[in-house]
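Dear colleague,

I am handing over the structure below, and after it you will find what came out of looking through it. Please keep it open beside you while you read.

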Number of protein chains: 2
Amino acid sequence: MLINGRKQDTVPAIDRGLQYGDGLFETIAVVEGYPCLWQRHMQRLSAGCDRLCIPVPDSKLLYDEVLEEIAGRAQGVIRITLTRGPGERGYSLPPVVHSTRIVQWSEGRPPMPGAAVDSIVARICRTRLGINPALAGLKHLNRLEQVMARSEWSDPSIQEGVMCDSDGYVIECTSSNLFLLWRGHLLTPNLKNCGVAGIMRGLVMDTAKGLGMKVSVSDITLEQVMGADALFVTNSLTGIRPVRMLETQAFAYDAIPAELVDSVMSQGFSHE
Amino acid sequence: MLINGRKQDTVPAIDRGLQYGDGLFETIAVVEGYPCLWQRHMQRLSAGCDRLCIPVPDSKLLYDEVLEEIAGRAQGVIRITLTRGPGERGYSLPPVVHSTRIVQWSEGRPPMPGAAVDSIVARICRTRLGINPALAGLKHLNRLEQVMARSEWSDPSIQEGVMCDSDGYVIECTSSNLFLLWRGHLLTPNLKNCGVAGIMRGLVMDTAKGLGMKVSVSDITLEQVMGADALFVTNSLTGIRPVRMLETQAFAYDAIPAELVDSVMSQGFSHE
């Protein structure tokens, strides 16, 4: 992997990314040797930097590093981690921030354009998401809630867990966003209090609007989820995956418009 | 510093401590060459490991590493960081956890026994603590809330910021716990929903009970804080510090029993 542009695989233990989870990350599908949805990932990373007061890295530099790390391989995953860099003891921000930039390849198989989408089985997690508008939406490095939620099950036939916030509203799954088809509307939870504003979520919303669908972001209860005509989850590495079963309830997926799925999957897994 | 017992100062970037803030830490005062309140720190670390399903490190091994890292220096600070170790991409727990153990010296001046305690000026932070009973009390590595709260001010005459939870209850300060003297009672916020269960907080509660004081853990509002007879904050590195001013309100500290302060400071900054 590349750390601040150099081939190495360790970071100083005084990095605030390790000391406090003080940073952000992006997980990006690689198809035909290029990162997918690059502009959207960079927009989110940049917005996250603004929120956390971390200097925004140069997008061209990062792109070059991503291509260097991909090293001509066709398919896989790039993770970009950006931390506030090394720091003294204590929560105070360093007077000058020298952020740490990690670009890391890992194996993975993004969906092929035109292939059938996979459906999943999901459960409902006991672990809740804490309410924190200051951090909501960000893909930051404080992910113990997701780690705890994902540790609730080991059954490999279950792919995802639905997470509610501490007030009981449905927010997302452990590593994907959630959408409901509801009487012809497309609904997805409000992320003003917690949750990660997924890149694939944004693409789905924009694409659905472009197709003339009614798209709403709202407070969603478990009862609404259970009463939906169809459910699907979204993630940058897997695109759209219909939920065929949530706990003991089966869902059909014929309510999910094929043109939405096709358009999202082709935009999400091709290079720009 | 020592990482898994070896003198080095970097960790693999795939460590889950960096990738997800998946771990715990302890910050320990060193006086006369020994770590203070060692048993209490080990009890909290061990309880945190149980909650997060991280193997509990051997306390004797850790103690030896702490002494090796102190290397005969008299006064300072030891930070122990324990992470879930390296992992593959994704939130799922590794099938076998090889935790990472970091023992790190830094400069610092714990209070000398018998010296006058410092008083502080505090403010009220806008950043709230998210409610999450599953993580409440732990000194885990997900500390962005504290980082954001501490970034709200840079005025060096203000030492601390009081943080409320998302429901508006007072919980703690950015890096210390809070106590109120209230009509002869000692009150400290309930940490069942969020906050760090400080080692010095525990020592203060035990010592106060031993002195026959009435000690209550309760839901505390900002109005109660403002109406307290005295306020003080506690932290493993500074012991008890009275609050002489919170926002624009002055507090006296003669309601804080001198025998409580003396007993806590002498127990907190001597080696066992």
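**Strand pairing and the contact between the chains**

In this predicted model, strand S1 (residues 2-3) of chain B pairs with strand S7 (residues 100-106) of chain B, in the antiparallel sense and over two bridges. Within that pairing, B:Ile3 stands opposite B:Ile102 of S7(B). S7(B) also pairs with strand S6 (residues 76-83) of chain B, again in the antiparallel sense, and here over seven bridges, with B:Ser106 of S7(B) as the bridge partner of B:Val77.

As for the contact itself, 45 residues come from chain A and 45 residues from chain B. On the side of chain A that touches chain B, the elements giving two or more residues are strand S3 (10-12), helix H1 (16-20), strand S6 (76-83), strand S7 (100-106) and helix H4 (144-150) of chain A, and the largest share, six residues, comes from H4(A). By class, this side of chain A has 20 nonpolar, 16 polar and nine charged residues.

Strand pairing also crosses from one chain to the other: S3(A) is joined by three bridges to strand S3 (residues 10-12) of chain B, and the two run antiparallel, with A:Val11 standing opposite B:Val11 in S3(B).

With best wishes

Key. Residues numbered from 1 in each chain as written. Chains lettered and ligands numbered in written order. Predicted model: local features only at pLDDT ≥ 70, side-chain atom pairs only at ≥ 80, totals over all residues. Contact = placed C-beta atoms within 7 Å. Helix = DSSP H or I, 4+ residues; strand = E, 2+ residues; numbered from the N terminus. Nonpolar A, V, L, I, M, F, W, Y, C, P; charged D, E, K, R; others polar. Pairing = 2+ DSSP bridges.
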